[in-house]
Amino acid sequence: MANATAPVELMVCTTCRAGQPPDVEGPRPGTQLFEALQATNLPTNVTLTPVECFSNCDRGCSITLRGGGGRWTYVYGQFSGASDVELVADGVNKYAATADGLVPWRERSIHFRKNCIARIPPLEPSNEQS
């Protein structure tokens with residue numbers, strides 16, 4: 001079973017355009033979000049990873065949070081780019097502080113409540129009986 005200090009990975013789609021047309025020059029919003037997160041103080045157990053594409057192009061910039069065999073994995077979308085760095089960092093801090101990846105509903109920001117694209121069960125089943 002995972003613990004709250006176990007490694008967590010925050011993956012950011014760096015190719016996301018967040019609705020921009022394909023001919024817009026300069027860094028894409030997904031890359032801008034990734035770069036802004038690099039300059040943020042994330043928990044020490046969080047690794048930030050750039051990803052080329054989540055195939056989720058119609059849902060703005062997307063991120064994925066996963067944390068080993070015992071945590072749930074989440075994919076979130078509708079981020080705009082670097083302007084959402086504090087919002088993403090807050091969500092990552094809350095996720096990283098859990099042992100199972102389940103942040104209580106009321107503790108999640110409205111953005112994280114409304115823009116969950118996927119919730120994927122842990123690789124390792126829980127030892128708890130239903």
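Asp-84 is buried (under 20% relative accessible area, with exposed meaning over 50% and partly exposed in between, using a 1.4 Å probe on protein chains only) yet has no salt bridge, and the nearest side chain of opposite charge, Arg-59, is 12 Å away. A salt bridge here is a side-chain nitrogen of Lys or Arg within 4 Å of a carboxyl oxygen of Asp or Glu; for charge, Lys and Arg count as positive and Asp and Glu as negative, while His and the chain ends are not counted.

A word on the ground rules: this is a predicted model, where local features need pLDDT of at least 70, side-chain atom pairs count only at pLDDT 80 or more, and totals for chains, interfaces and linings use all residues. Residues are numbered from 1 along each chain as its sequence is written, and side-chain values use heavy atoms, with hydrogens and water left out.

Back to Asp-84, which sits in the loop between β4 (73–79) and α2 (85–96). Helices (H or I, at least four residues) and strands (E, at least two) are DSSP runs, numbered from the N terminus. Beyond its neighbours within four places in sequence, Asp-84 is in contact (heavy atoms within 4.5 Å) with Leu-33, Gln-78 and Phe-79.

Two of those partners, Leu-33 and Phe-79, are listed among the residues with the most contacts inside the largest nonpolar core, which has 26 residues. Such a core is a set of buried Ala, Val, Leu, Ile, Met, Phe, Trp, Tyr and Cys residues joined through side-chain atoms within 4.5 Å. Elements giving two or more residues to this core are β1 (8–13), α1 (29–38), β2 (46–51), β3 (61–66), β4 and α2, and α2 supplies the largest share, 6 residues. Ile-63 is also on the list of residues with the most contacts; outside four places in sequence, its contacts include Leu-10, Val-12, Phe-54 and Phe-112.

So much for the core; now the charged pairs. The structure holds 2 salt bridges:

| Pair | Closest N and O atoms |
|---|---|
| Arg-66 and Glu-9 | 2.8 Å |
| Lys-94 and Asp-90 | 3.2 Å |

Arg-66 lies in strand β3 and Glu-9 in strand β1, so this pair ties together parts 57 residues apart in sequence. Arg-66 is partly exposed at 38%, whereas Glu-9, at 18%, is buried. Lys-94 and Asp-90 both lie in helix α2, 4 residues apart, about one turn of the helix. Lys-94 is partly exposed at 28%, and Asp-90 is partly exposed at 31%.
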